[in-house]
Amino acid sequence: MPTCAPPLKANAADEIINNLRQLKNVWHGFPVDQLTHGLQTATLAMRAGESPEIIVASLCHDMAKTVSALNHEEMAAEMLKPYLSSDTYNMLKYHGIFQGRFFWDEIDRDPNYYLKFRGERWYDLAMKFTEVYDKPAFKKDANFEPLETFIPIIRRVVGV
Ligand SMILES: [Fe+2]
Ligand SMILES: [Fe+2]
């Protein structure tokens, strides 16, 4: 269950939606912009039957790249913390480390670093999120839902 039911800011959902729209201008060298990447990630989660909370987390997992790619995982997790379960919060916070298992060997970092979290309650969730929803969500020709599909889900999870 979320740690805080009511929104801490009256228009928090609007702020999140505005943040997501800004991702249209963020590419970071990927084949699609970061809004498209988030929409593809959330579409995969939704079509797999995930909960509204996981769908919103999937949509927003890279939202802080508007400010910084380096620590975007922690920033997104902290921004959404009041509206998420602790498992989903940790999934967001550490998703970069779990993504690292796919490519860190190419940049001289330890791709097995994620294994230090083995045994955590959210470990399987982070494994699934990064492999099944996040990793494949960079396709130029993907079929995915527009942002409008997710707005009611954001408002439901955030509370307004
Ligand atoms: Fe990320
Ligand atoms: Fe991502």
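**Exercise 1. What covers the buried residues of H8?**

Begin by noting that this is a predicted model. Then work through the helix.

Step 1. Check the length of H8. At 1.5 Å a residue, its 12 residues should span 16 Å, and the end C-alpha atoms are 16 Å apart, so the two values agree.

Step 2. List the buried residues of H8: Phe150, Ile154, Val157 and Val158. Seen down the helix axis, these residues fall within an arc of 80°, so they line one face of H8.

Step 3. Look at the face turned away from the buried side. That face of H8 carries the exposed residues Glu148 and Pro152.

Step 4. Find the cover. H1, H2 and H3 are among the elements that cover the buried residues of H8.

Step 5. Follow the chain past the helix. Just after H8, Gly159 has a positive phi of about 110°.

**Exercise 2. Determine how many residues of H2 are buried, and which helices they pack against.**

Step 1. Check the length. Helix H2 runs over residues 34-47, and at 1.5 Å a residue its 14 residues should span 20 Å; the end C-alpha atoms lie 20 Å apart, which agrees.

Step 2. Count. Of the 14 residues of H2, 12 are buried, so the helix is mostly covered. Among them are Gln34, His37, Leu39, Leu44 and Met46.

Step 3. Identify the partners. The buried residues of H2 pack against helix H1 (12-22), helix H3 (52-60), helix H7 (123-134) and helix H8 (147-158).

Step 4. Inspect the end. Just after H2, Gly49 takes a positive phi of about 85°.

**Exercise 3. Decide whether Met46 is buried or exposed, and find its contacts.**

Step 1. Met46 is part of helix H2.

Step 2. Apply the cut-off. A residue counts as buried if 20 or more other C-beta atoms lie within 10 Å of its own. Met46 has 21 C-beta neighbours inside 10 Å, so this residue is buried.

Step 3. List the contacts. With neighbours within four places in sequence left aside, Met46 is in contact with Ile55 and Glu145.

Step 4. Compare sequence with space. Met46 and Tyr133 are 87 residues apart in sequence, while their C-alpha atoms are 9.6 Å apart in space.

**Exercise 4. Describe how H2 packs with H7, then how H4 packs with H5.**

Step 1. Take H2 and H7. Their axes are 9 Å apart, and the helices pack at an angle of about 110°. That angle makes H2 roughly perpendicular to H7.

Step 2. Name the residues. Thr41, Leu44 and Ala45 of H2 meet Val132, Tyr133 and Asp134 of H7. By class, the contact of H2 with H7 has 4 nonpolar residues, 1 polar and 1 charged.

Step 3. Take helix H4 (residues 72-80) and helix H5 (residues 86-93). Their axes come within 7 Å and cross at roughly 155°. Angles over 145 degrees count as roughly antiparallel, so H4 is roughly antiparallel to H5.

Step 4. Name the residues again. H4 contributes Glu73, Glu74, Ala76, Ala77 and Leu80, and H5 contributes Tyr89, Leu92 and Lys93. In the contact of H4 with H5 there are 5 nonpolar and 3 charged residues, and no polar ones.

**Exercise 5. Which residues of H5 are buried, and where do they lie around the helix axis?**

Step 1. List them. Thr88, Tyr89, Met91 and Leu92 are the buried residues of H5.

Step 2. Look down the axis. The buried residues of H5 fall within an arc of 160°, so they line one face of the helix.

Step 3. Find the partners. H3, H4, H6 and H7 are the helices against which the buried residues of H5 pack.

How values were computed: Residues numbered from 1 in each chain as written. Chains lettered and ligands numbered in written order. Predicted model: local features only at pLDDT ≥ 70, side-chain atom pairs only at ≥ 80, totals over all residues. Helix = DSSP H or I, 4+ residues; strand = E, 2+ residues; numbered from the N terminus. Expected span 1.5 Å × (residues − 1). Contact = placed C-beta atoms within 7 Å. Axes fitted to C-alpha atoms, helices over the stretch in contact; angles between N-to-C directions. Parallel < 35°, antiparallel > 145°, perpendicular 65-115°, else oblique. Nonpolar A, V, L, I, M, F, W, Y, C, P; charged D, E, K, R; others polar. Arc of directions from axis to C-beta.
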